[in-house]
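Q: I have a sequence and a model open side by side. Please show me how to read its features, step by step.

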Amino acid sequence: MSNIPYILEERPDTGLNNSKLGVWIFLASEVMLFGGLFSAYVFLRIAAPEGDFGYWGSKLNVPMATFNTLLLITSSVTMVMSWASLKLEQFDKYKMYLGITILCGLAFLVVKYFEYTSKFDHGIYPSSSTFMGIYFTLTGLHVLHIIGGLLVLIFFWSKQSDKMWNEDKDLLANRIEITGLYWHFVDLVWIFLFPILYLL
Amino acid sequence: MAGNSKESIEHHIKIYINVFISLAVLTVVTVAVSYLEVSFIEAFFIAITVATIKGSLVLCYFMHLISERQAIIWLLVTTLVAFLILLFIPLISLTDQVGGW
C-alpha cells in the first residue's frame, strides 16, 4: 500500500514504528499549544479583580459540563475497546465500539452547542469579560479538536475500514491505535479544562 | 504497546473497564468537592490533584504509556519540562517591581 518505511515495523534505533513516534511528537506540540493557553489563564486569573473569575465562572452550567466529561470518558474507553476488538479479530465489535465513540463525540458537540447558545441568549459573549474570553478560547479550540477527531473516526467507521480490514488487518489496527492516542489526548485536555473553568 | 497476544488483550479489556469506572467516580468526586466550603487555594489543589490522577490513568492505561518505549517517555519528560517553564517562568514577572520603583 505504501513505500514509506517503518509504518508498521519498529525502527531499530527508536524501537517504535514511525506512525506512533510521529503522533506522540504531534501530541507534544499540542501540549505546548494548550499549555500556552493554560498559562494565559493563570496570568489572567492572577491579574483579574478578586472574585471576577468566580463570578463569571458561576454563570457556566456545571451539570452540562459534568455530563460532557462523562461522555468523553465513555468515548475514550470505547475507543480503546475498538482497538482491542481489532486485535481480537472481532471486526463487528470494532465497528460497534467505534460507532459509540463517534456518537459520544457528536453528543459532546450537541451539549456544547446548547451551552454556547444559552450564553449568547443571555448576552454573554467572549468580549463580555476576561474570563469569558479565555473560556471561549480554550473550549472553542477543544471543540475544534473534537471535530477534527470525529472526521477521522467517521472515516475509519466508513466502508473504507472494511476495505482496509480485508487488505491489511495490522495496518488498520495500527491506524486505530494512532487515532486513539489523539482521541485520548483530547479527553485528557478536557479533564483539566473542566475543573479550572467550571469548578474553581 | 507490548504484549499483543489474545490473552494479554483480554486481560487489558478488564483493566480498561476498571479505569473507566475509576474515571467516572473521580469525576463525581471532583464535582462533589467543589461544593465543599474550602478556600480557593485548597479547592485549586484538590481539583488539580484529582485531574492529575484522572489524566495519569488515561495516559498510563488508555494511551498505554505504562508499557511504552523509553523514546516516548523521554519525549514526554522533555515536553513536561518545557510546559512547566512555559507555565512558571513568567511568574517571575510577579516579583518585577519596576513600576513601583
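Q: Leaving aside neighbours within four places in sequence, which residues is A:Val80 in contact with?

A: Keep in mind that this is a predicted model. A:Val80 is in contact with A:Gly180, B:Tyr16 and B:Phe62, once its neighbours within four places in sequence are set aside. The list includes residues of chain B.

Q: How do I read a nonpolar core, and which residues touch the most other members of the largest one?

A: Start with the general idea. In soluble globular proteins, nonpolar side chains tend to be buried together. Here the largest nonpolar core has 53 residues, and A:Val80, A:Val186 and A:Trp190 touch the most other members. Chain A supplies at least two residues from each of H3, H4 (91-121), H5 (130-157) and H7, and chain B does likewise from each of H1 and H2. H7(A) gives the most, with 17 residues.

Q: Which residues of H1(B) are buried, and what do they pack against?

A: First, the geometry. An α-helix has 3.6 residues a turn, so residues three or four places apart point the same way. In H1(B) the buried residues are B:His12, B:Val19, B:Phe20, B:Leu23, B:Thr27, B:Thr30 and B:Val31. They pack against H3 (62-87) and H7 (169-199) of chain A, and against H2 (40-62) of chain B.

Q: What does H1 of chain A look like when read that way?

A: H1(A) runs over residues 18-47, which makes 30 residues. Its reach is 43 Å, close to the 44 Å expected. Buried residues in H1(A) are A:Lys20, A:Trp24 and A:Tyr41. What covers them includes H5 and H7 of chain A, together with H3 of chain B.

Q: A:Tyr41 and A:Gly133: how far apart are they in sequence and in space?

A: Read both distances. The two residues are 92 apart in sequence, yet 9.8 Å apart in space, C-alpha to C-alpha. A:Gly133 is in helix H5 of chain A. A:Gly133 is partly exposed, with 16 other C-beta atoms within 10 Å.

Q: How do I read the overall form of chain B, and is it spread out or compact?

A: List the elements, then check the dimensions. Chain B has 3 helices and 0 strands, in the order α-α-α. Its radius of gyration is 19 Å, well over the 13 Å that the globule rule gives for 101 residues, so chain B is more spread out than a compact globule. The C-alpha trace spans about 70 × 40 × 10 Å along its principal axes. Of the 101 residues, 18% count as buried.

Q: Last, backbone angles. Where does A:Glu89 lie, and is it buried or exposed?

A: A:Glu89 has a positive phi of about 60° although it is not a glycine. A:Glu89 lies in the loop between H3 and H4 of chain A. It has 12 C-beta neighbours inside 10 Å, so it counts as exposed.

Q: And B:His64: buried or exposed?

A: B:His64 counts as buried, with 21 C-beta neighbours inside 10 Å. Its phi is near 60°, a positive value in a residue other than glycine. B:His64 sits in the loop between H2 and H3 (70-88) of chain B.

Definitions and conventions:
Residues are numbered from 1 along each chain as its sequence is written. Chains are lettered from A and ligands numbered from 1 in the order in which they are written. This is a predicted model: local features need pLDDT of at least 70, side-chain atom pairs count only at pLDDT 80 or more; totals for chains, interfaces and linings use all residues. A residue is buried if 20 or more other C-beta atoms lie within 10 Å of its own, exposed if 12 or fewer, and partly exposed in between; C-beta atoms are placed from the backbone. Helices (H or I, at least four residues) and strands (E, at least two) are DSSP runs, numbered from the N terminus. Two residues are in contact if their C-beta atoms, placed from the backbone, lie within 7 Å. A nonpolar core is a set of buried Ala, Val, Leu, Ile, Met, Phe, Trp, Tyr and Cys residues joined through C-beta atoms within 7 Å. The radius of gyration is taken over C-alpha atoms; the globule rule is 2.2 Å times the number of residues to the power 0.38. The expected span of a helix is 1.5 Å times one less than its number of residues.
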